[in-house]
Amino acid sequence: MNGLILVKIGGSLITDKTKAFTPNPETIERIAKEIQEARKEGNLNNLVVGHGGGSFPHRSAAKYQTHKGIVNDDSYKGISVVHNDAARLNSIFVDALLKNGVNAIPVQTSAVCLAEDGKIVHWDSEPMRFSLENNLLPVPYGDVALDTKKGCTIISTELLLDYLAKKLGATRVIIAGKVDGVFTADPAKDPNAKLIPEITAENFEEVKKYLDGSDGVDVTGGMIHKVEQMLELAKSGIQSEIINADKPGVLKRALLGETNLGTVIR
Ligand code: IPE
């Protein structure tokens, strides 16, 4: 699809991942506004903005071990609870987009995707393609999915974007979080931490040593998972970037085409 841009808004950016069910309303509002402005100024019609779950579904997913599959009788209730928690945050995010003049349309991952051993094997993306042609902004989100091998699984937004990028042919993938990119150490704890401007298959083994999990409860694997998914995309020639959308204006600049704002994965 010509000029398709796929964006992930990280759960840690729009929620406080250390406190259950706690959105960051000011950040959500600013991000919605930046998306609206970029869409207007850059005439960006081919845009999909997915988002993570943060402190909404990660906790229930950890409680019910949803990412491991059907592990006990409670697992079925877990599917329902995890989805409901993910959908609650989606509703808050879509509400903000709508209020800022973006015709956003949620895409319920658990209803459209089927997984096999944690990987998406089926997703009818025609309605999404049609939404894009009709100037709507599809908003898929990290969610539970039914899985033909283990019963159920968690589909992260990275997995969603990876699948879509290959299926629809994306031009760029932008992962917006609250850190400047990938660092050699945690910049919050280590003053000598350095930003890694570029990750490729060649330096990934080296980079891997620096990466560990994210703050708070996270069942989808934190930064390593993100980078691995993005390297997968790089194999198909799709460049992606990790940027800090906690800094006002950065997401808008990235959407309008600026690169090298964080870590580029190619
Ligand atoms: C997580 O989605 C979804 C669930 C736990 C149900 P993501 O992996 O995309 O979310 P964040 O960005 O890490 O919060």
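A residue counts as buried under 20% relative accessible area, as exposed over 50%, and as partly exposed in between, with a 1.4 Å probe and protein chains only. The model is predicted, so local features need pLDDT of at least 70 and side-chain atom pairs count only at pLDDT 80 or more, while totals for chains, interfaces and linings use all residues. Residues are numbered from 1 along each chain as its sequence is written, and side-chain values use heavy atoms, with hydrogens and water left out.

Start with the cysteines. C113 is buried, at a relative accessible area of 4%. C152 is buried too, at 1%. Are these two joined or apart? The sulfur of C113 lies 15 Å from that of C152, its closest cysteine sulfur, and this is too far for a bond. A disulfide needs two cysteine sulfur atoms within 2.5 Å. The whole structure has zero disulfides.

Now the aromatic rings. Rings of Phe, Tyr and Trp (for Trp, the six-membered ring) pair if their centres lie within 6.5 Å; planes under 30 degrees apart are stacked, over 60 edge-to-face, and the rest tilted. The count comes to two aromatic pairs. In one of them, the rings of F21 and F56 have centres 5.4 Å apart and planes at 85°, so the pair is edge-to-face. Where do the partners sit? F21 lies in the loop between α1 (11–14) and α2 (25–42), and F56 in the loop between β2 (47–51) and α3 (57–64). The pair therefore ties together parts that are 35 residues apart in sequence. Helices here are DSSP runs (H or I, at least four residues), strands are runs of E (at least two), and both are numbered from the N terminus. F56 is buried, with a relative accessible area of 3%. F21 is partly exposed, at 36%.

The charged end of R88 sits over its ring, 4.4 Å from the centre. That label requires NZ of Lys or CZ of Arg within 6 Å of the ring centre and within 35 degrees of the ring normal. The backbone of F21 also stands out. Most residues other than glycine have a negative phi. F21 is not a glycine, yet its phi is positive, at about 50°. N135 is another non-glycine residue with a positive phi, near 65°. N135 is found in the loop between α6 (126–133) and β6 (137–140). N135 is partly exposed, with a relative accessible area of 40%.

Next, another ring pair. W123 is buried, at 2% relative accessibility. Y163 is partly exposed, at 21%. Their ring centres are 5.9 Å apart and their planes are at 20°, so the pair is stacked. This pair links distant parts of the chain: W123 in strand β5 (residues 119–123) and Y163 in helix α7 (residues 157–169), 40 residues apart.

Turn to the charges. Side chains of opposite charge can pair when their charged atoms come close. A salt bridge here is a side-chain nitrogen of Lys or Arg within 4 Å of a carboxyl oxygen of Asp or Glu. The count comes to 21 salt bridges. One of them joins K252 to E41, at 3.0 Å from N to O. K252 lies in helix α10 (residues 250–255) and E41 in helix α2, so the bridge ties together parts that are 211 residues apart in sequence. K252 is buried, at 18% relative accessibility, whereas E41 is exposed, at 54%. K33, E37, E41 and K252 are linked in a network of salt bridges.

Other bridges lie within a helix. R129 and E126 meet at 3.0 Å, N to O. Both lie in helix α6, three residues apart, about one turn of the helix. R129 is partly exposed, at 28%, and E126 is partly exposed, at 45%. K166 bridges to D162, with the closest N and O atoms 3.4 Å apart. These two are four residues apart in helix α7, so about one helical turn separates them. K166 is partly exposed, at 40%. D162 is buried, at 10%.

Finish at the surface. L114, V121 and L146 form a nonpolar patch with about 230 Å² of accessible area together. L114 is in strand β4 (residues 113–116). L114 is partly exposed, with a relative accessible area of 32%. Patches take residues with over 30% relative accessible area and no salt bridge, joining like charges within 9 Å and nonpolar side chains (Val, Leu, Ile, Met, Phe, Trp, Tyr) within 5 Å. Accessible areas come from the Shrake-Rupley method with a 1.4 Å probe, and for residues only the protein chains shown count as cover.
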